[in-house]
Structures are given as C-alpha cells and as structure tokens.
Amino acid sequence: MKLSEIKNHLSELDTIAFQLPNGELVPNHFHVTEVGKITKNFIDCGGTVRNEEVVNFQLWNANDYDHRLHPEKLINIIELSEQVLGIEDLEIEVEYQGQTIEKFGLDFDGTNFILASKQTDCLAKDNCGIPAEKPKLNLSEINNEPCCSPDGNCC
C-alpha cells in the first residue's frame with residue numbers, strides 16, 4: 001500500500017485497527033512512534049547495484065491503555081512527515097515488535113489495516129544459477145496421445 005492509499009482509507013474511518021498475519025489485532029492502545037523514509041542502497045548477489053525506498057511506520061505498545069490514535073491524528077503525522085522529510089508517495093513498510101522487530105507490508109480489508117508477511121528473495125536468480133521453477137502438471141492433464149508420435153507430448 002502506498003502513502004496516498006492509507007491517507008484515503010484513514011479519511012473514511014472512525015477508528016484505526018492493525019491486524020497481524022495470524023489474525024490477532026494489535027492492541028488498540030498502540031502508538032505510531034515513527035513515520036520516516038528508509039533508503040536502502042545495496043548490491044545483490046548478481047552484482048547489480050540497487051536502490052529501494054519505503055515509508056516506514058513503527059507501531060509500539062505502551063502501558064497507557066487509555067491511549068487511542070485517531071485517524072485524523074495519524075493523517076496529520078503523515079502529512080507533517082511528507083512536508084518536513086520530503087517523503088513521496090512510496091510503499092509502506094510497518095515495523096512491529098514480535099520476537100524481534102518484524103517488518104510487514106500493508107494491506108486494507110475495508111475495516112482493518114492488515115500487516116502482511118514479507119519474504120526474502122533472490123533478486124538475481126538469472127545471474128546466480130537459481131533454476132526457474134517448472135510448472136507442475138497432473139498426469140490427468142496430459143493428453144492420451146501415443147508417446148512417440150511426431151506430435152506426441154513426451155519427447
């Protein structure tokens with residue numbers, strides 16, 4: 001989800017809720033302790049120089065159970081960070097404390113913001129010898145043509 005999308009969703013909500021990948025909700029007394037831009041400059045395993053930028057939200061729980069962040073307040077925080085930090089309409093990454101600091105993508109289901117699991121990946125599969133995945137077929141999908149005919153499906 002991009003920054004413009006979360007602002008549009010927030011403008012239509014009365015309350016904010018974030019849902020973890022396991023279905024649990026982040027406690028509703030959470031704080032957004034950071035909104036910032038993260039720039040990552042790196043070289044992948046194939047030797048290609050890459051540059052990625054994301055908007056980072058950090059969610060944090062404290063013991064102030066009476067705290068509730070309202071949508072208009074989060075919009076104000078986002079707009080201030082856009083002005084002061086020059087943040088553009090980038091994809092959002094959310095940090096949340098699990099066993100360690102966990103990073104999530106962000107989706108919206110019409111009611112809750114969904115913290116979507118992220119996975120590592122090789123960005124240079126074509127350069128570092130990772131074979132492409134072959135499509136899996138069921139035997140029932142293969143034609144019953146003779147195997148060794150000129151137009152057969154086995155050679």
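**Surface, core and cysteines of the predicted chain**

V84 is exposed, at a relative accessible area of 61% (exposed means over 50%, buried under 20%, partly exposed in between, with a 1.4 Å probe and protein chains only). The structure is a predicted model, in which local features need pLDDT of at least 70 and side-chain atom pairs count only at pLDDT 80 or more, while totals for chains, interfaces and linings use all residues. Residues are numbered from 1 along each chain as its sequence is written, and side-chain values use heavy atoms, with hydrogens and water left out.

V84 lies in helix 2, residues 71–85. Together with L80 and L85, V84 makes a nonpolar surface patch of about 300 Å². Patch residues have over 30% relative accessible area and no salt bridge; like charges are joined within 9 Å, and nonpolar side chains (Val, Leu, Ile, Met, Phe, Trp, Tyr) within 5 Å. A salt bridge places a side-chain nitrogen of Lys or Arg within 4 Å of a carboxyl oxygen of Asp or Glu. Areas follow the Shrake-Rupley method with a 1.4 Å probe; for residues, only the protein chains shown count as cover.

The chain contains two helices and six strands, in the order α-β-β-β-α-β-β-β. These elements are DSSP runs numbered from the N terminus: helices are H or I with at least four residues, strands E with at least two. Of the 155 residues, 30% count as buried. The chain exposes about 10600 Å², and carbon and sulfur atoms supply 49% of that area. Among contacts (heavy atoms within 4.5 Å) with a separation of 6 or more, 64% join residues 24 or more positions apart.

The largest nonpolar core has 28 residues. Such a core is a set of buried Ala, Val, Leu, Ile, Met, Phe, Trp, Tyr and Cys residues joined through side-chain atoms within 4.5 Å. Elements giving two or more residues to this core include helix 1 (3–10), strand 2 (30–43) and strand 3. F57 is one of the residues with the most contacts inside the core. Beyond four places in sequence, F57 contacts residues including L3, I6, I78, I92 and V94.

N56 sits in strand 3, residues 49–61. N56 is buried, at 2% relative accessible area. Outside four places in sequence, N56 touches E34, V35, G36, I38, E93 and E95.

The structure holds zero disulfides (pairs of cysteine sulfur atoms within 2.5 Å). For C45, the nearest cysteine sulfur is that of C122, 3.6 Å away. C45 is exposed at 56% relative accessibility, whereas C122 is partly exposed at 22%.
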